[in-house]
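Here is a short tour of one protein chain, written for someone just starting out. Have a look at the sequence and the 3D picture, then read on.

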Amino acid sequence: MAAIASDETTKICSHCNRDIPSSNIDLHYAHCSRNLEKCKVCGDMVPTKHAEEHFFNTHAPVACSQCSETMEREILAIHKGENCPQRIVTCEFCEFPLPAIDLAEHQEVCGNRTELCHLCNKYIRLRERYNHETRCTGLPDSTVGSSRDVRPVERDRGPQRQEPNEFSRKRLFFTIAITGIAVLLGSLFFQRKTESGQVH
(Lines give C-alpha, C1' and ligand atoms only; values in the text may rest on other atoms or scores of the structure.)
Protein backbone atom coordinates (compact mmCIF):
# COMPACT_ATOMS: atom_id res chain seq x y z
CA MET A 1 0.00 0.00 0.00
CA ALA A 2 2.90 2.35 0.82
CA ALA A 3 4.40 1.59 -2.60
CA ILE A 4 1.17 2.61 -4.30
CA ALA A 5 1.07 5.87 -2.33
CA SER A 6 4.67 6.74 -3.25
CA ASP A 7 4.02 6.04 -6.95
CA GLU A 8 0.97 8.34 -7.00
CA THR A 9 1.57 11.57 -8.89
CA THR A 10 1.10 14.91 -7.18
CA LYS A 11 0.22 18.42 -8.26
CA ILE A 12 0.91 21.80 -6.72
CA CYS A 13 -2.20 23.60 -5.48
CA SER A 14 -2.21 27.00 -7.18
CA HIS A 15 -3.79 28.59 -4.09
CA CYS A 16 -1.63 27.31 -1.20
CA ASN A 17 1.40 25.96 -3.13
CA ARG A 18 1.27 22.62 -1.31
CA ASP A 19 1.98 19.28 -2.96
CA ILE A 20 -1.38 17.43 -3.24
CA PRO A 21 -2.09 13.93 -4.66
CA SER A 22 -3.41 14.35 -8.21
CA SER A 23 -6.56 12.37 -7.46
CA ASN A 24 -7.54 14.89 -4.71
CA ILE A 25 -6.43 18.15 -6.33
CA ASP A 26 -9.87 19.34 -7.48
CA LEU A 27 -11.53 18.66 -4.13
CA HIS A 28 -8.59 20.16 -2.26
CA TYR A 29 -8.53 23.33 -4.38
CA ALA A 30 -12.27 23.90 -3.93
CA HIS A 31 -11.90 23.65 -0.14
CA CYS A 32 -8.58 25.52 0.03
CA SER A 33 -9.59 28.54 -2.06
CA ARG A 34 -12.84 28.92 -0.13
CA ASN A 35 -11.40 28.58 3.41
CA LEU A 36 -7.78 29.75 3.36
CA GLU A 37 -6.03 32.96 2.40
CA LYS A 38 -2.39 33.95 2.25
CA CYS A 39 -1.24 36.53 4.80
CA LYS A 40 0.09 39.55 2.89
CA VAL A 41 2.78 40.13 5.52
CA CYS A 42 4.27 36.71 6.34
CA GLY A 43 2.87 34.57 3.50
CA ASP A 44 1.38 31.95 5.84
CA MET A 45 -1.90 30.35 4.84
CA VAL A 46 -4.47 31.18 7.51
CA PRO A 47 -8.18 30.39 7.76
CA THR A 48 -10.12 33.20 6.07
CA LYS A 49 -12.33 33.69 9.11
CA HIS A 50 -9.23 34.23 11.31
CA ALA A 51 -7.20 36.38 8.89
CA GLU A 52 -7.97 39.65 10.67
CA GLU A 53 -7.23 38.11 14.07
CA HIS A 54 -3.95 36.69 12.70
CA PHE A 55 -2.90 40.14 11.47
CA PHE A 56 -3.86 41.86 14.73
CA ASN A 57 -2.15 39.30 17.00
CA THR A 58 1.00 38.92 14.90
CA HIS A 59 1.69 41.86 12.60
CA ALA A 60 -0.29 44.88 13.79
CA PRO A 61 2.09 47.72 14.70
CA VAL A 62 2.27 48.50 18.41
CA ALA A 63 4.35 50.98 20.39
CA CYS A 64 6.67 49.83 23.16
CA SER A 65 5.38 51.27 26.44
CA GLN A 66 8.95 51.92 27.61
CA CYS A 67 10.66 53.55 24.61
CA SER A 68 7.69 54.28 22.26
CA GLU A 69 9.37 52.50 19.32
CA THR A 70 6.80 50.97 16.93
CA MET A 71 7.12 47.33 15.88
CA GLU A 72 5.10 44.24 15.01
CA ARG A 73 3.20 42.86 17.98
CA GLU A 74 4.88 39.47 17.46
CA ILE A 75 8.32 40.82 18.42
CA LEU A 76 7.23 43.18 21.21
CA ALA A 77 7.97 40.72 24.04
CA ILE A 78 11.48 39.99 22.71
CA HIS A 79 12.11 43.73 22.27
CA LYS A 80 11.05 44.52 25.85
CA GLY A 81 13.13 41.69 27.32
CA GLU A 82 16.31 41.99 25.24
CA ASN A 83 16.50 45.07 23.01
CA CYS A 84 14.60 47.98 24.51
CA PRO A 85 17.01 50.77 25.48
CA GLN A 86 14.72 51.68 28.40
CA ARG A 87 14.49 48.14 29.87
CA ILE A 88 15.77 48.01 33.43
CA VAL A 89 19.11 46.28 33.97
CA THR A 90 21.44 46.19 36.97
CA CYS A 91 25.02 47.38 37.29
CA GLU A 92 27.41 44.44 37.71
CA PHE A 93 29.41 46.39 40.30
CA CYS A 94 26.77 47.94 42.59
CA GLU A 95 23.59 46.13 41.45
CA PHE A 96 21.83 49.49 41.01
CA PRO A 97 18.84 49.19 38.62
CA LEU A 98 18.87 51.62 35.67
CA PRO A 99 17.80 51.84 32.01
CA ALA A 100 19.98 49.80 29.64
CA ILE A 101 20.82 52.90 27.61
CA ASP A 102 22.61 54.38 30.66
CA LEU A 103 24.38 51.18 31.77
CA ALA A 104 27.70 51.57 29.90
CA GLU A 105 28.27 55.12 31.12
CA HIS A 106 27.29 54.19 34.69
CA GLN A 107 29.56 51.12 34.77
CA GLU A 108 32.47 53.14 33.38
CA VAL A 109 32.28 55.34 36.48
CA CYS A 110 31.16 52.66 38.92
CA GLY A 111 33.83 50.16 37.84
CA ASN A 112 36.58 52.71 38.56
CA ARG A 113 35.58 53.03 42.21
CA THR A 114 37.94 51.28 44.61
CA GLU A 115 37.45 49.01 47.58
CA LEU A 116 39.95 47.80 50.12
CA CYS A 117 41.09 44.19 49.76
CA HIS A 118 41.16 42.84 53.32
CA LEU A 119 43.71 40.19 52.39
CA CYS A 120 46.50 42.43 51.08
CA ASN A 121 45.26 45.80 52.42
CA LYS A 122 45.41 47.35 48.93
CA TYR A 123 42.71 49.41 47.20
CA ILE A 124 41.42 47.63 44.08
CA ARG A 125 39.20 48.99 41.27
CA LEU A 126 35.85 47.22 41.24
CA ARG A 127 36.30 46.27 37.56
CA GLU A 128 39.56 44.48 38.53
CA ARG A 129 38.25 42.90 41.73
CA TYR A 130 37.58 39.43 40.30
CA ASN A 131 41.04 39.12 38.72
CA HIS A 132 42.65 40.49 41.87
CA GLU A 133 40.83 38.03 44.14
CA THR A 134 41.99 35.06 42.05
CA ARG A 135 45.64 36.24 42.24
CA CYS A 136 45.77 37.86 45.68
CA THR A 137 48.37 36.23 47.95
CA GLY A 138 47.07 37.89 51.09
CA LEU A 139 50.40 39.63 51.66
CA PRO A 140 50.68 43.40 51.67
CA ASP A 141 52.07 44.63 48.36
CA SER A 142 55.63 45.89 48.94
CA THR A 143 55.64 47.79 45.63
CA VAL A 144 53.09 50.29 46.93
CA GLY A 145 54.56 53.69 47.78
CA SER A 146 55.31 54.88 51.30
CA SER A 147 51.97 56.70 51.54
CA ARG A 148 50.24 53.32 51.59
CA ASP A 149 52.68 51.61 53.96
CA VAL A 150 51.18 50.46 57.22
CA ARG A 151 53.34 50.64 60.34
CA PRO A 152 53.67 47.37 62.32
CA VAL A 153 51.81 48.90 65.31
CA GLU A 154 48.84 49.84 63.08
CA ARG A 155 48.86 46.44 61.39
CA ASP A 156 48.24 44.73 64.76
CA ARG A 157 45.17 46.84 65.53
CA GLY A 158 42.24 44.99 64.00
CA PRO A 159 39.38 47.48 64.58
CA GLN A 160 41.13 50.36 62.75
CA ARG A 161 41.12 48.35 59.55
CA GLN A 162 37.33 48.58 59.42
CA GLU A 163 37.38 52.37 58.90
CA PRO A 164 38.35 52.26 55.18
CA ASN A 165 35.61 49.67 54.60
CA GLU A 166 33.08 51.94 56.33
CA PHE A 167 34.29 54.86 54.21
CA SER A 168 33.98 52.70 51.07
CA ARG A 169 30.42 51.75 52.01
CA LYS A 170 29.50 55.43 52.49
CA ARG A 171 31.07 56.25 49.14
CA LEU A 172 29.01 53.45 47.52
CA PHE A 173 25.77 54.84 48.94
CA PHE A 174 26.76 58.35 47.84
CA THR A 175 27.49 57.07 44.30
CA ILE A 176 24.15 55.24 44.19
CA ALA A 177 22.31 58.37 45.34
CA ILE A 178 24.06 60.59 42.78
CA THR A 179 23.41 58.04 40.01
CA GLY A 180 19.74 57.80 40.99
CA ILE A 181 19.36 61.57 40.86
CA ALA A 182 21.14 61.69 37.48
CA VAL A 183 18.88 58.97 36.05
CA LEU A 184 15.78 60.73 37.38
CA LEU A 185 16.85 64.10 35.92
CA GLY A 186 17.79 62.44 32.63
CA SER A 187 14.42 60.70 32.33
CA LEU A 188 12.57 63.96 33.16
CA PHE A 189 14.62 65.80 30.53
CA PHE A 190 13.97 63.03 27.98
CA GLN A 191 10.23 63.09 28.78
CA ARG A 192 10.05 66.88 28.35
CA LYS A 193 12.01 66.63 25.13
CA THR A 194 9.62 63.94 23.86
CA GLU A 195 6.54 65.97 24.88
CA SER A 196 7.86 69.13 23.23
CA GLY A 197 8.62 67.11 20.10
CA GLN A 198 5.04 65.83 19.99
CA VAL A 199 3.55 69.34 20.36
CA HIS A 200 5.02 70.52 17.03
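In which helix is Ile181 found? Ile181 is found in helix H8, which covers residues 162-199.

## Before we start

This is a predicted model, where local features need pLDDT of at least 70 and side-chain atom pairs count only at pLDDT 80 or more, while totals for chains, interfaces and linings use all residues. Residues are numbered from 1 along each chain as its sequence is written, and side-chain values use heavy atoms, with hydrogens and water left out.

## The whole chain

The protein chain has eight helices and 10 strands. Those are DSSP runs numbered from the N terminus: helices are H or I with at least four residues, strands are E with at least two.

Of the 200 residues in the chain, 22% are buried. Buried means under 20% relative accessible area, exposed means over 50%, and partly exposed is in between (1.4 Å probe, protein chains only). The accessible surface comes to about 14,900 Å², and 55% of that belongs to carbon and sulfur atoms. Such areas come from the Shrake-Rupley method with a 1.4 Å probe, and for residues only the protein chains shown count as cover.

## Back to Ile181

Ile181 has a relative accessible area of 49%, so Ile181 counts as partly exposed. Ile181 also belongs to a nonpolar surface patch with Phe174, Ile178, Leu184, Leu185 and Leu188, and together they have about 600 Å² of accessible area. A patch is made of residues with over 30% relative accessible area and no salt bridge; like charges are joined within 9 Å, and nonpolar side chains (Val, Leu, Ile, Met, Phe, Trp, Tyr) within 5 Å. A salt bridge here is a side-chain nitrogen of Lys or Arg within 4 Å of a carboxyl oxygen of Asp or Glu.

His15 sits in the loop between strand S1 (10-12) and strand S2 (19-21). Its relative accessible area is 25%, so His15 is partly exposed.

Leaving aside neighbours within four places in sequence, His15 is in contact (heavy atoms within 4.5 Å) with residues including Tyr29, Ser33 and Met45. Ser33 is 18 residues away along the chain, yet the C-alpha atoms of His15 and Ser33 are separated by 6.1 Å. The side chain of His15 also reaches the backbone oxygen of Leu36 at 2.7 Å.

Cys64 has a relative accessible area of 2%, so Cys64 is buried.

Conventions:
A polar contact is a pair of N or O atoms within 3.5 Å; within protein, one must be able to donate a hydrogen and the other to accept it, and residues adjacent in sequence count only if both atoms are side-chain atoms.
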